[in-house]
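Here is a friendly walk through some strands and helices. Please keep the sequence and the 3D view open as you read.

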Amino acid sequence: MLAMAEEVILRGLPVSKGIGIGLPVFFSNWDEDVPQVQIPVKEIDREIERYRAALALSCQDVEGLRTVSLKDGPSEIALILSTHLEMMKDPMLTTAIEEKIRALQCNTESVFQHLIEEYKRRFNHLQDSYFQERVRDIIDVCKRILHHLCPLQRLKIGELPNNSVVLTHELVPSETVEASPPLISGFVTMAGGITSHAAIIARAKGIPYVANIDIKMFKHLPLKALIVDGSQGLVILNPARKTLKKYQEIKRGHQASYRQLKSASHLRGETVDGYEVRVFANLENPKEVDLILKNGALGVGLFRSEYLFLAKREFPSEEEQFLIYKKMAVALKGSPLVIRIFDIGGDKKVDLLPEQRDAHYFSKIGPELNPALGCRAIRFLLRFPELLYAQLRAILRASAFGDLQILIPMVSDLSELRQVRAMVNEISKELGIPAKKSIPIGCMIEVPSSAIMCDALAKEADFLSIGTNDLVQYLLAADRTNPHTVDLYFATHPSILRMIRMIVASANCARKPVIICGECAADPALIPLLLGLGIREFSVAARHIPLVKHTIRKWRILEACRLAEGALEQTAAQELKDYIAAETCR
Amino acid sequence: MKLVCKVKVKNALGLHTRPAAAIVRLLQPHKSNVMFTYRDETINARSIMSILMLAAKKNSQITITIEGDDAETTMTHIVRAFEEEFGEK
């Protein structure tokens, strides 16, 4: 049977380059459509038994959690859990579901799916956000029961067997962070765009990733192996021996050329004509500090501190943060460590269960109609100053052990920088840090307002950091994860070039460093353009450093400037794209 | 015996999870059949999920229908709970 499985080639959206060969693992988010399976009449009783067992286990879960939270923990939590218990005894969940299983003769999961859809439909058209929030309770309960129905879905990405190709509806950043190359050889998803956070991490880790693939349809196919071609955007099911051989060769080729690049990555980042270009690393996982130094980084140009939260699903305390930052600072031996303070909210959210410790921060904000324009990053931190205070204090304490710098995400007004600086000054006084040794504070330029007001920000900030991923999305009003606007999302739109030129000019005028840390900083086709626009500092994922340095070392500043001048004359996105493609192939 | 009575939702947040749970708990010792009607929908008041499904906000008019031997005491209890805003006053 398996031998007869035919080779099938599917085309999707290439998200992260490389070739992955491995065994399929369906990694289900609960939101995913559950296939509806008809159940023969004689097995209905067994299906109902299965449901009752799952319900009983869920009750036990909540009962246990409640006992714990009654002992210690806020009374609200115990109350919420009591409500969840009541829900599980609710006739709509007990008899009604059983009746439906009997009537429809299909699997419990699909009956649940219908029920949840029904609730969502009803509540979503209500304008009242409080009621909308209530659906979460229902969904939480349903989710718990669903988990018990299919315990396999509780797989963790970090615990998969070697060479797994993860097939799922959508990747969330907190899961992607746990993935590592020997275990995970590829990602295939239904949703997700090129610049989603999960995609950025996949690229940083060198895990091939293809999106926009309808994985539902091959759940029913006999699957032995599959190839993920993240460069072409292909997914090949049950590859024939010939195909497999071809791809193994390509993969070996990639590995060899990467090794070659890497062997040159200790060289200085400088252009042919000797201009120094400083290359730093972006970092999510504090443990990877050694890796970035090995790859030839001058330091950490962007530490995405929110991953400390995303990985743990709760905010680390001041002491925990202090120890992490201190350890990183020591490992960096005096090289810079730019800590971007928590960029939480928007698309970087985890669905915390109401009983989790820090869920209240998010429930206070509630579901936002437009999270990308919502209460996230510095807005979120200023809303909850206790979080900001703890983080700044941890950074300042750790700053005694190295060259630490603070980066504020999503600044949209000068007042935000001033508030952070005021708090930093206050904490410095508490800690007795002399004013002379004040820590540098930088602004992310990723919101159009701050790009336009860049001259004012440059005067007061100690450095600027251009986050192109968000800047492009906000400037072009194109959602970077929406498949329908992906065509509009040009990292090289003429407007972006002009904006970058403006930011660099403001920074130069105020004699402040400016660093670029978006995805496009690692694109070999765009690096010369950025050099020509005046960028002299890059921060990219550690594994891209060899390639970035290699590209920089091939160009002369004068040529790069000419390239940029020509590029600035292009007025339409496609023209500019064609121009860059024609001028940078070398 | 069958009783029908109209009540108004007085608490600020409407019939959300907590009041819904309170209603279900309150009904547990009673034997009668209790239905809520709001807009064109009639639901079993012993089901939290159904009560939530009504999405009845503050100032909604709910018609309570109770059928059974202890209809009278049940009605007294439940009307009082609505009056007292389920302890959220």
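In this predicted model, strand S14 of chain A pairs with strand S15 (residues 514–516) of chain A in the parallel sense, through three bridges. Within that pairing, A:Leu464 sits opposite A:Val514 of S15(A). S14(A), residues 463–466, also runs parallel to strand S13 (residues 441–445) of chain A, joined to it by four bridges. There, A:Met444 has A:Ser465 of S14(A) as its bridge partner.

Inside it, B:Met35 has B:Thr65 in S4(B) as its bridge partner.

Here are the strand pairs with their bridge counts:

| Strand pair | Sense | Bridges |
|---|---|---|
| S13(A) and S14(A) | parallel | four bridges |
| S14(A) and S15(A) | parallel | three bridges |
| S2(B), residues 33–38, and S4(B), residues 61–67 | antiparallel | five bridges |

Where does helix H8 of chain A lie, buried or in the open? None of the 23 residues of H8(A) is buried, so this helix lies largely in the open. H8(A) covers residues 241–263 and reaches 33 Å from its first C-alpha to its last, close to the 33 Å expected at 1.5 Å a residue.

Definitions and conventions: Residues are numbered from 1 along each chain as its sequence is written. Chains are lettered from A and ligands numbered from 1 in the order in which they are written. This is a predicted model: local features need pLDDT of at least 70, side-chain atom pairs count only at pLDDT 80 or more; totals for chains, interfaces and linings use all residues. Two strands pair if DSSP finds at least two bridges between them. Helices (H or I, at least four residues) and strands (E, at least two) are DSSP runs, numbered from the N terminus. The expected span of a helix is 1.5 Å times one less than its number of residues. A residue is buried if 20 or more other C-beta atoms lie within 10 Å of its own, exposed if 12 or fewer, and partly exposed in between; C-beta atoms are placed from the backbone.
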